[in-house]
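Subject: Handover of a structure

Dear colleague,

I am handing over the structure below, and my notes on what was found in it follow directly after.

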Amino acid sequence: MAQFDEDKITEELRHPDTCRNAFSEVVKHYSRPLYWQIRRMVTSHDDADDLLQNTFLKAWDNIELFRGEAKLSTWLYRIAVNESINFLNKQRRMQNISLDGENDYMLTSLTSLESDEYFDGDEIQKYLQEAIMTLPEKQRLVFNMKYFDEMKYEDISDILGTSVGALKATYHHAVKKIENYLKTKNVD
Amino acid sequence: MKKGILDNINRKSGMKVPDGYFESLHERVMQNLPEKEIIVERPAPVSFWTMAKPWVYMAAMFAGIALMFKVFAWTSDDMTNSKMEADAKDSDTEIVEDFIFYNNVSDYTIYEYFAEVD
């Protein structure tokens with residue numbers, strides 16, 4: 001598989017004649033990390049699939065606005081995160097759940113996760129997902145990026161526009177909450 | 001450093017995707033992308049006025065300068081003529097007076113001269 005050269009791809013994205021081929025490489029390279037980022041936020045595979053396609057479509061529509069000032073991955077992650085958050089807000093509005101009742105909605109999603117044919121986790125993974133669902137949106141985003149994707153705080157900071165210090169504190173709180181939840185389930 | 005519960009469990013979410021999902025995803029995404037309208041930037045047509053404008057401005061500038069010189073020259077000519085006429089009048093009187101003085105012209109001769117002129 002050819003090496004993904006971000007500088008070269010960024011340059012090719014600026015030229016109309018090479019733009020489409022370069023974007024094809026972008027889709028190949030970023031499909032998996034973006035999919036998992038979205039999937040862990042919305043839990044359902046079908047929703048994640050729709051949102052991922054929307055993410056790429058939005059990126060394509062606005063490719064002229066990408067000037068290479070931020071990293072391509074940062075730009076794509078930002079779009080994916082916005083798409084996920086907008087989707088969750090829309091779902092909450094449709095179900096008349098206030099922001100305070102955010103966790104109730106996510107726990108409802110988790111019930112559907114159990115019946116989701118694309119979830120085959122063991123009991124501990126199910127408890128972990130339950131614990132993650134109890135977190136507020138921002139903590140969930142930070143926890144997913146740090147714990148599952150093992151992203152650097154600096155990169156998360158670029159994507160979410162939050163200081164590294166605040167991210168460390170957010171992650172610390174998230175970990176504490178999850179561990180407390182897991183303890184109630186006798187996981188240690 | 002004390003290890004937490006999260007360090008002891010594997011970092012897998014338990015979520016999976018349909019078989020061949022990522023392989024077909026690329027094709028589906030690329031098929032759904034609309035064609036980009038390629039905007040070829042053509043140079044804007046240059047009108048005659050655009051080309052002639054600097055020359056017209058330059059000509060107008062020279063015409064203005066020439067006009068200014070003309071006005072100044074006319075004004076100074078006018079002033080010079082007036083001065084010369086005044087000087088000429090003064091010098092005529094002086095010549096006549098000098099002539100009368102140095103040639104001992106009598107009053108009768110002068111009267112006689114004016115009588116002939118009339």
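Helices (H or I, at least four residues) and strands (E, at least two) are taken here as DSSP runs, numbered from the N terminus. On that basis chain A holds nine helices and zero strands, and from the N terminus on its elements run α-α-α-α-α-α-α-α-α.

This is a predicted model, in which local features need pLDDT of at least 70 and side-chain atom pairs count only at pLDDT 80 or more, while totals for chains, interfaces and linings use all residues. Residues are numbered from 1 along each chain as its sequence is written, and chains are lettered from A and ligands numbered from 1 in the order in which they are written.

A contact means that the C-beta atoms of two residues, placed from the backbone, lie within 7 Å. Among contacts in chain A between residues at least 6 apart in sequence, 62% join residues at least 24 apart. Between the chains, 32 residues of chain A are in contact with 21 residues of chain B. On the chain A side, two or more residues are given by each of helix H2 (16–42), helix H3 (45–61), helix H6 (123–133), helix H7 (137–148) and helix H9 (164–184), and the largest share, nine residues, comes from H2(A).

H2(A) also packs against H3(A): their axes, which are lines fitted to C-alpha atoms over the stretch in contact, come within 9 Å and cross at roughly 140°, with angles running from 0 to 180 degrees between N-to-C directions. H2(A) is therefore oblique to H3(A), since angles under 35 degrees count as roughly parallel, over 145 as roughly antiparallel, 65 to 115 as roughly perpendicular and the rest as oblique. Among the residues that make this contact are A:Phe23, A:Val27 and A:Leu34 of H2(A), together with A:Leu51, A:Phe56 and A:Trp60 of H3(A).

Two backbone angles deserve a look. A:Thr43, in the loop between H2 and H3 of chain A, has a positive phi of about 65° although it is not a glycine, and A:Glu150, in the loop between H7 and helix H8 (153–160) of chain A, has a positive phi of about 50°, again without being a glycine. Are these residues buried or exposed? A residue is buried if 20 or more other C-beta atoms, placed from the backbone, lie within 10 Å of its own, exposed if 12 or fewer, and partly exposed in between. A:Thr43 is buried because it has 22 other C-beta atoms within 10 Å, whereas A:Glu150, with 8 such neighbours inside 10 Å, counts as exposed.

Best regards
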